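Here's a quick briefing to read alongside the structure.

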Amino acid sequence: MPYAGFNGPIPSVNLTMVAYPGSYHYRAGKRTAQRYTYSPYFPVLSYDTTQGAFFGGNFWDGRSTGYLLQSPDAEQAQHPPVDTQEMANPDTACIAYKLSVAKYRPLFEAIWGAGSLDIQFPADTADICKTPAGAAIFGGNATPIALSPDDRTKANDVFNHWGQSISFLEHSTDISPFTSKIDANLKGNYTYTADEAAGAALFRGKGNCNSCHLDGTTTTLTPGQTDTGTPANTTPLFTGFCYADLGLPLNPRDAFYYQTVPDGLGFTPNPYGFGYRDLGLGTFLRSGFGAAPNPNSEWVQFAPGSDGLMQTSTIRNVAMTPPQCPTTEAPGPYFQKEFFHNGYIKSLKQLVHFYNTRDVYPFNVTSGHCPEGTTEKVDCWPMPEVPGNMDMTIGNLLMTDEEENQVVAILQAATDGFTTPYPFSDTFTGQCLTGGSASTQGNETLIATPELPPCASAVCDVPPLPSPPIP
Amino acid sequence: MNKLTLKLSVTAMVGGLLCVSLAQMLSPTAKAQSVAIIQQPNLESAHDDAAILRWTTTTPRGSAEHFAVVQYGTNPNALTQTAKSHVRINSGHSDTIFRVRIDGLQPQTTYYYKVTSTGGDGTSDGVESDVNQFTTPPPGQRIMNYPQPK
């Protein structure tokens with residue numbers, strides 16, 4: 001929803017089950033909803049041989065590559081409608097069918113051509129499209145609507161054009177407008193507060209955020225210097241489109257771990273329970289469990305070095321909240337968000353503190369088992385879910401508590417709507433939360449991680465094998 | 001706007017975006033001609049079975065993706081094991097902190113090591129430390145040489 005910067009819009013979900021419920025009862029996804037503001041700006045996924053790293057794509061694991069449409073964002077839009085745990089359409093042709101009977105069919109045809117939706121759908125199409133994907137009745141068939149070859153081609157074209165239309169919307173100023181305090185500052189129309197200015201300096205200095213969340217500048221000032229230069233980029237996206245394993249702990253709250261038995265339609269989202277490990281980009285490169293097919297066989301070799309890597313999100317709108325709940329941070333009144341791919345972090349203060357102290361307070365425990373006398377997320381960070389490829393740029397940045405707060409201030413300055421109101425941001429009808437502290441926000445909902453079984457063979461025994469092995 | 005015009009617009013727009021994006025993510029920073037260690041490697045922290053080493057060099061520039069690499073072992077003349085960690089280079093910084101995590105260590109054991117760094121493609125930065133050493137603590141104890149400031 002716009003009021004959450006197109007992050008998860010329901011505070012209680014963000015606080016607890018992390019993954020959002022799908023349209024079929026009791027099904028839910030496995031990761032947080034990645035913000036799609038500015039996602040049309042992400043390039044097609046590629047492997048840079050000089051850098052030795054992947055860049056681009058959409059989604060935490062990069063599985064929306066943009067290979068086919070040359071737009072990762074357009075392909076990202078195509079995933080949720082046919083994802084078994086989201087909208088669960090059983091056939092991509094259902095999108096064409098639903099467009100063909102929609103009120104706005106003329107609008108689609110005005111753009112993509114008269115007759116573009118003239119497809120001879122069989123009489124059982126509506127019934128098929130009402131049956132959620134993954135249902136045993138389909139027997140694994142991804143195209144249960146019986147279309148002629150010509151109509152299948154047309155339906156595929158409609159599906160692709162529909163994805164591109166969504167991407168055009170996301171590229172518009174309704175979604176990605178560059179109207180934050182940071183944008184105003186880059187234009188010279190806004191002077192940072194003292195905390196924001198300090199945060200901006202930390203962002204590209206001691207905090208080293210700028211090494212991944214590129215801010216368009218490279219200037220590092222020494223004490224007493226004044227930056228009088230022109231920014232290298234006046235519309236920075238605050239991401240290098242790159243991937244990193246930050247070493248986050250497994251979050252046992254994630255609803256995905258509990259979808260272990262067949263639902264009413266005979267579909268089991270996660271047969272492995274807590275044997276599942278989220279290897280992110282690594283699993284995608286292997287075309288592994290729960291990921292889309294990797295379109296480039298030459299990339300498979302890079303899977304072991306990519307295990308645990310997740311896409312570096314833009315910081316833009318990470319702090320966006322409904323106007324009536326003006327912050328993400330306790331004591332508020334605040335709007336509860338969730339951060340990173342598994343929603344383990346519940347406030348921006350915790351997020352910055354994690355970057356700053358992950359390696360200062362490490363404990364060889366899982367979440368919910370921090371030693372007595374410590375406080376999880378304050379002076380105890382449980383072990384990483386995927387340790388082998390952890391990024392060591394962060395983890396002990398030697399920032400003070402005040403400096404952490406200043407970095408939070410500059411993250412908040414990246415919220416659109418400062419120079420021009422952000423469209424449709426006032427539709428939240430729920431309650432703000434109050435009380436507590438940002439450092440321990442959400443800790444009351446922590447649960448003890450059960451004893452973890454070994455990583456399931458369907459995840460960790462797929463060649464090329466993870467190195468070192470995933471516990 | 002007819003379909004063809006829209007498609008052409010889309011193609012041009014996407015092409016333009018790619019140019020901007022690629023330029024942004026591949027900042028043209030020439031690799032430094034020489035890299036020097038300006039703070040020698042030492043132990044940042046250690047548990048009975050893991051350690052983090054930390055050192056500072058002049059910024060190598062070149063590829064943003066880098067690896068901090070340590071060769072180590074219990075015999076100073078046979079550093080047979082290797083650990084490496086991802087580190088992102090910030091080309092705007094004059095110096096770069098490298099940190100590497102070593103797992104699978106034995107408690108109360110002295111390890112000898114030397115460090116180096118490479119670009120993301122494995123190309124050496126051409127800098128290597130002398131052989132140094134650290135000792136892991138007993139089970140249940142921790143060493144923290146870089147405590148969190150208040």
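E44(B) and R54(B) are both buried, and this is a predicted model, so treat the pair as computed, like everything below. The two side chains form a salt bridge, with 2.7 Å between the closest N and O atoms. That pair links distant parts of the chain, 10 residues apart: E44(B) sits in strand 1 (residues 37-46) of chain B and R54(B) in strand 2 (residues 50-58) of chain B.

**Salt bridges**

- Over all chains, a search of the whole structure turns up 21 salt bridges.
- E44(B) and R54(B) also belong to a network of salt bridges that links them with R358(A), D359(A) and R99(B).
- In chain A, D91(A) pairs with R152(A) in a salt bridge whose closest N and O atoms are 2.9 Å apart. Because D91(A) lies in the loop between helix 2 and helix 3 and R152(A) lies in helix 6, the pair ties together parts that are 61 residues apart in sequence.
- How accessible is D91(A), buried or exposed? D91(A) counts as buried at 1% relative accessibility, and R152(A) counts as buried too, at 14%.

**Around E404(A)**

- K349(A) and E404(A) meet through their side chains in a salt bridge, at 2.8 Å from N to O. K349(A) is in helix 10 of chain A and E404(A) in helix 11 of chain A, so this pair ties together parts 55 residues apart in sequence.
- E404(A) has a relative accessible area of 1%, which makes it buried, and K349(A) counts as buried with 8% relative accessibility.
- Which residues does E404(A) touch, not counting those up to four places away in sequence? The contacts are K349(A), V352(A), H353(A), N356(A) and T357(A), plus Q148(B) from chain B.

**Helix 2 of chain A**

- Helix 2 (residues 72-82) is mostly covered, with nine of its 11 residues buried.
- The buried residues of this helix are P72(A), D73(A), A74(A), E75(A), Q76(A), A77(A), Q78(A), P80(A) and P81(A).
- What do the buried residues of helix 2 of chain A pack against? They pack against helix 3 (93-100) and helix 6 (149-171) of chain A.

**Backbone spots to check**

- A88(A) isn't a glycine, yet its phi is positive, near 60 degrees. You'll find A88(A) in the loop between helix 2 and helix 3 of chain A, and at 3% relative accessibility it counts as buried.
- Q108(B) is another non-glycine residue with a positive phi, near 50 degrees. This one lies in the loop between strand 5 (95-103) and strand 6 (110-119) of chain B, where Q108(B) counts as exposed at 56% relative accessibility.
- The peptide bond running from A330(A) to P331(A) is cis, with omega near 10 degrees. P331(A) belongs to the loop between strand 4 (310-311) and helix 10 (348-357) of chain A.
- Another cis peptide bond runs from P463(A) to P464(A), with omega near -5 degrees. P464(A) is in the segment after helix 12 (457-460) of chain A.

How values were computed: Residues are numbered from 1 along each chain as its sequence is written. Chains are lettered from A and ligands numbered from 1 in the order in which they are written. This is a predicted model: local features need pLDDT of at least 70, side-chain atom pairs count only at pLDDT 80 or more; totals for chains, interfaces and linings use all residues. Side-chain values use heavy atoms; hydrogens and water are left out. Buried means under 20% relative accessible area, exposed over 50%, partly exposed in between (1.4 Å probe, protein chains only). Contact means heavy atoms within 4.5 Å. Helices (H or I, at least four residues) and strands (E, at least two) are DSSP runs, numbered from the N terminus. A salt bridge is a side-chain nitrogen of Lys or Arg within 4 Å of a carboxyl oxygen of Asp or Glu.
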